[in-house]
Amino acid sequence: MLAHECQYDKTMAECPKRMKLIYERLINDKLFDNAVKIEAREAEDAEIRLNHPQSLIDEITALNSKENCEEYCKDKEILWTCENTNEAARVAIGGCIEIVKAAIENKIHNGFAIVRPPGHHSYGKVPQGYCIFNNVAIAAKYAIEQLGVARVAIVDFDYHAGNGTFQSVKDDPRIHFTSFHAHHHGSFWPFSREYDYATRDENTLFVPLNGTMNTEGDFVSIFHHVVLPMLKQFQPELILISAGFDAGYYDSMMEFGQGVKAHGYGHMARLLSDLCPGRTIAVLEGGYQPYNYTESASMLVRGLQNLALPRLVLPSRISGALLETLWNILYHHSQWYPQLRQRLELLKQQQVKLGLQEFVPHQTVFLGQQMRNMYDDMKKHRIVRTREWFPELSPEMMKLCKKNIDEYIKQYEFTLQHEYPTEPQLIAQCVWDEAARSQAFLQAAPFASVLVQEFNDFVAGHRENMMICDRELYVESVKNGTLKAHEAIGRNL
Ligand SMILES: [Zn+2]
C-alpha cells in the first residue's frame, strides 16, 4: 500500500506518507501495545466482485506503465493510478475483510484498518476520487454474504460525500448508510442533488454540510439527534466507519473546510462502539494535513479502545447552517423513525413557547447542475486534467495549521466520564430564531459564492483551470465544436 504512489505528479495529496505517519504515531502513543495485528492480504477477484464488475478488475489489473496509468484516468473524476495500484488496492480490501472477520469471530474488540488507496468514492465500474475499489462496501457485503451478519451500518464522516458507498449499498435493506459531507448547496463535488438531506429511503442518512467550520461539538450533537436514534432502531451487528479526517480543524481546506478537532473523532468512535461493542471497525479514507490526521487517528483509536478522551462540551446551540439541515433531516426522516417524529414535535412546541415562527422545511437551494454538466462533458470527451488538482499548502500555511492544532491540544482534559446529553439539552440546541437564520446564511454564503465565482470565471475565460477542467483544452474544444460552451451560473436563478 505504501508503493501506491503517483509517478507523473508528486503533488498528489493522497500519498504514501499518510499511512506511514498514522502508523508511526499510533506506535509512539503506545496504542498498539494492547492491539492485535491483522495481516492484510490481496483480495481475490471473487471478493472484489461482491461490489464491482469483472471488467473494472481487469482494467485495474492491466495498468502496467506510467503512460497507460495516466491515460486510464482521462475520463475519470480526480483519479490517479500507478503500476502498483492493483496490488495495493487488493491488499487494502484484503485487510478490511480480515479485520472484519477477526471482529465477527471475537478475536479482536473493535479495530482500525490503516489502508490505502481509500474506497468511499468508488462504485460499480466507476473508480474516482483517489478510490479504486470500495473497501468498506466490499467488507460490508463480505460480512453479510460470507459471515452471516444480518445488518451492517456504515458511518462516513469524511469531509467528502461517500457517493461510491451510497451507490454501492443503496438497494440493500441490510445496510444502513450515514454520510456527513461537504455540500454547499450543491456547489461542491460531486455537484449532485442526490446527496442533499432528502434521501429516498430510511436506510440512508445524509448530513450535507452547507456551512463551513462546523465543530466537533456540532458533529457529535448530530450523532445524538439523528445518527444514534436511527441506528438504535436499525440494530446493526457490525459498524464500519469510513474514517476520513479531512473535515478536521485546519485540514487542507483551512477556514473553508470544517472544524472538527481531533478528540471529536474519538467521541464519534466511542459512541458507535457503545452501540455495537467490539464490532466497530474504522477504515481509513481521506485526511491530508499531517498534524491534523495523525492527531485525529490517535484520538479515533483511543475512542475505539475505550481509553480516556479529552472532555467534549456540546454547544448550547448547533451552528446555524447545520441546524437548518438538522431541522430538514428531522422533517424528512420522521416518516420512518418514530423517535425523530417525537423530537420534531418537541422542537415545534419549543418554537411556539418562545413565540418564534415555525421552521419552514424543504427550502434548499441547489447550485451545482452546470458544474456537474461540465464535469460530465470533460469525461465524455476524455479531456480530464489528470495532474495538479490541489495546490500544496505553503510552509507558512502549514505553520498556521500546526499552531491552531497545538493550541487546542493544550486545552485537553482527559477523562473517562462522558455523559450523554439529556432530551431537554438536545431540544434547547435547536432554537430556530433570527440569530440562527442569519448565522446559517453567513456560514454558507461566502464559500458557495467562491465556488460559483470560480466556475463562472472559468467558463468566462478568466481563470486557468478548475480541478479536472483544463482551460486550454476547454477553449480549444469549444472552438472546434467538440464541446459546447457552458453558461455562467446565476443567469437562470
Ligand atoms: Zn475526503
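Buried residues account for 51% of the 493 residues in the chain, as computed from a predicted model. The chain comprises 17 helices and ten strands. Its radius of gyration is 22 Å, close to the 23 Å that the globule rule gives for 493 residues, and the chain is therefore as compact as a globular protein of that length. Taken along the principal axes, the box filled by the C-alpha atoms of the chain is roughly 65 × 55 × 45 Å. With regard to the contacts within the chain, among those between residues at least 6 apart in sequence, 79% join residues at least 24 apart.

Helix α11, which spans residues 320-333, and helix α12, which spans residues 338-353, have axes that come within 8 Å and cross at roughly 130°. The crossing of the two helices, α11 and α12, is left-handed. On the side of α11, the contact is made by Leu330, Tyr331 and His333, and on the side of α12 by Leu340, Arg343 and Leu344. When these residues are grouped by class, the contact of α11 with α12 has four nonpolar residues, together with one polar and one charged residue.

Methods. Residues are numbered from 1 along each chain as its sequence is written. This is a predicted model: local features need pLDDT of at least 70, side-chain atom pairs count only at pLDDT 80 or more; totals for chains, interfaces and linings use all residues. Helices (H or I, at least four residues) and strands (E, at least two) are DSSP runs, numbered from the N terminus. The radius of gyration is taken over C-alpha atoms; the globule rule is 2.2 Å times the number of residues to the power 0.38. A residue is buried if 20 or more other C-beta atoms lie within 10 Å of its own, exposed if 12 or fewer, and partly exposed in between; C-beta atoms are placed from the backbone. Two residues are in contact if their C-beta atoms, placed from the backbone, lie within 7 Å. Axes are lines fitted to C-alpha atoms, for helices over the stretch in contact, and angles run from 0 to 180 degrees between N-to-C directions. A crossing is left-handed if the near helix is turned anticlockwise from the far one by less than a right angle, and right-handed if clockwise. Ala, Val, Leu, Ile, Met, Phe, Trp, Tyr, Cys and Pro count as nonpolar, Asp, Glu, Lys and Arg as charged, and the others, Gly among them, as polar.
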